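Please read this briefing with the sequence and the structure side by side.

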Amino acid sequence: MKKKNDMDFASLNWTFPLCPVAPDYRIDWPALEARFAWLRTMRDCPQDPIHHAEGDVLTHTKMVCEALVANPAWRALPDHARSILFVAALMHDIAKPACTKIEEDGRIVSPNHNRRGAYETRMHLWTGDDFDGKPVPFYAREMIVGLIRRSSLPYFALENADGAKRIIHASMVVRCDWLAILAEADTRGRECADRQSLLDKIELFREFCLEQRCYDAKRAFASDHARFVYFRKENGDPDYAAFDDTRNTVTLMCGLPGAGKDTWIAANRPELPVVSLDELRREMNVSPEDNQGRVIAASKERARTFLRAATPFVWNATNTSRRIREGLIELFTSYGARTEIVYCEAPLDDIFRRNAKREAVVPARVIRRLAESLDLPDASEAHRVTYALGHGE
């Protein structure tokens with residue numbers, strides 16, 4: 001099982017076979033529409049004529065992709081970067097058909113389509129069903145997902161009091177220079193009265209990223225602890241070298257059932273005590289689909305025993321929700337512990353196969369629901385984030 005710390009921007013070596021290439025950079029729309037059913041559904045999805053006078057979502061998507069491939073900045077990128085940005089442009093409005101509604105005053109809105117689109121995109125790329133059955137490699141996939149999730153950030157980041165933190169957070173997950181290129185294509189690929197205003201905002205976003213030293217790379221911090229403290233404090237200073245007074249380390253596992261968490265623990269933390277929600281469920285005869293209140297309470301009490309004694313330990317559960325992880329990390333931090341999140345992943349087919357062989361089988365619908373709503377951990381959450389990727393049983 002391969003493991004790397006933090007999001008590895010150097011491991012993006014993937015190309016999309018239908019990405020336009022020199023010298024003419026022609027987009028093969030018939031081939032794309034024939035391959036992707038989700039692209040065809042965009043044809044019947046209307047948009048608000050004030051912001052999208054060009055028409056339906058498919059028309060907008062085509063204009064965005066055409067604007068992207070015409071951009072000299074995109075053409076100057078290496079092959080893998082052009083592919084990642086092209087797929088992000090192609091899929092950036094994938095959730096609009098499901099999110100679009102007409103309000104009482106006749107306005108057309110698509111609330112939360114970026115967030116839902118990121119989840120849907122991950123599932124398409126993870127299964128590989130639309131990509132010749134070959135899952136898109138993890139780091140390329142998550143760059144595409146991150147670009148879609150944050151595609152509106154260049155327009156609004158500077159309007160928020162915490163704009164600097166949002167931009168620095170984005171740099172932990174995506175290339176902000178690529179985010180600006182995508183936003184520019186999204187702006188040029190529409191008909192609206194405020195296009196120049198949006199383009200001006202994107203330029204200000206670029207300048208601000210340069211000021212924050214996170215335009216084409218992750219924002220650097222004095223230490224892992226300094227980064228952790230910065231993201232937990234309001235109005236923090238990213239250059240502040242926070243004193244590290246942590247007493248012990250808690251390893252917080254994250255991943256779908258059957259992703260290899262137990263295997264990773266056995267290979268990497270065999271000497272540590274483990275607080276396992278699966279074991280507690282078995283002890284307490286609680287199904288994964290039942291109310292988990294008793295199990296959570298018992299697990300936290302066990303954790304407090306180790307925390308009071310400053311004993312390193314492992315917390316082993318799915319923890320696929322950022323909200324759940326934040327609550328646990330708050331508990332660990334209150335006792336002076338530092339946290340390492342270990343995210344384990346395997347191909348979805350392997351996960352379902354392994355789960356079927358488990359003594360306590362998790363319903364397949366539960367695993368799929370967890371996959372479809374996965375919040376991938378990133379470097380803003382903990383002192384260290386490790387991605388353990390592979391096929392180990």
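Helices (DSSP runs of H or I, at least four residues) and strands (DSSP runs of E, at least two) are numbered from the N terminus. This is a predicted model, in which local features need pLDDT of at least 70 and side-chain atom pairs count only at pLDDT 80 or more, while totals for chains, interfaces and linings use all residues. Residues are numbered from 1 along each chain as its sequence is written, and side-chain values use heavy atoms, with hydrogens and water left out.

**Buried arginines**

- R354 lies in helix α18, which covers residues 348-357, and this arginine is buried, with a relative accessible area of 8%; buried means under 20% relative accessible area, exposed over 50% and partly exposed in between, with a 1.4 Å probe and protein chains only.
- A polar atom of the R354 side chain lies 2.8 Å from the backbone oxygen of G258.
- R206 belongs to helix α12 (residues 195-211) and is buried as well, at a relative accessible area of 12%.
- Contact means heavy atoms within 4.5 Å, and, when neighbours within four places in sequence are left aside, R206 is in contact with A180, I181, E184 and Y215.
- R150 sits in the loop between α8 (138-149) and α9 (153-156), and counts as buried because its relative accessible area is 19%.
- Leaving aside neighbours within four places in sequence, R150 is in contact with H169, A170, V173, V174 and L179.
- R150 and R166 are 16 residues apart in sequence, and their C-alpha atoms are 9.8 Å apart in space.

**Backbone features**

- Most residues other than glycine have a negative phi, and most peptide bonds are trans.
- The peptide bond from A22 to P23 is cis, with omega near 10°, and P23 lies in the loop between β1 (2-5) and α1 (29-35).
- Y25, which also lies in the loop between β1 and α1, has a positive phi of about 55° although it is not a glycine, and at 12% relative accessibility Y25 counts as buried.
- N112, in the loop between β3 (108-109) and α7 (113-127), has a positive phi of about 65° without being a glycine, and N112 is exposed, with a relative accessible area of 60%.

**The largest nonpolar core**

- A nonpolar core is a set of buried Ala, Val, Leu, Ile, Met, Phe, Trp, Tyr and Cys residues joined through side-chain atoms within 4.5 Å.
- The largest nonpolar core has 121 residues, of which W74, F86, L90, L147, W315 and F332 touch the most other members.
- Helix α5 (residues 79-91) gives the most to this core, with 9 residues.
- Not counting residues up to four places away in sequence, F332 touches V250, L252, L307, F313, W315, A337 and T339.

**The second largest pocket**

- On a 1 Å grid over the protein atoms alone, a pocket is an open set of points where a 1.4 Å probe fits, with protein on both sides within 12 Å along at least five of seven lines, and lining residues have an atom within 4 Å of a point.
- The second largest pocket has a volume of about 1,100 Å³, a volume being the space filled by probe spheres set on the points.
- Of the 42 residues that line this pocket, P257, D278, R281, A317 and T318 are the closest to its centre.
- The largest share of the lining, 5 residues, comes from α15.

Conventions
Polar contact = N/O pair within 3.5 Å; in protein donor to acceptor, adjacent residues only side chain to side chain.
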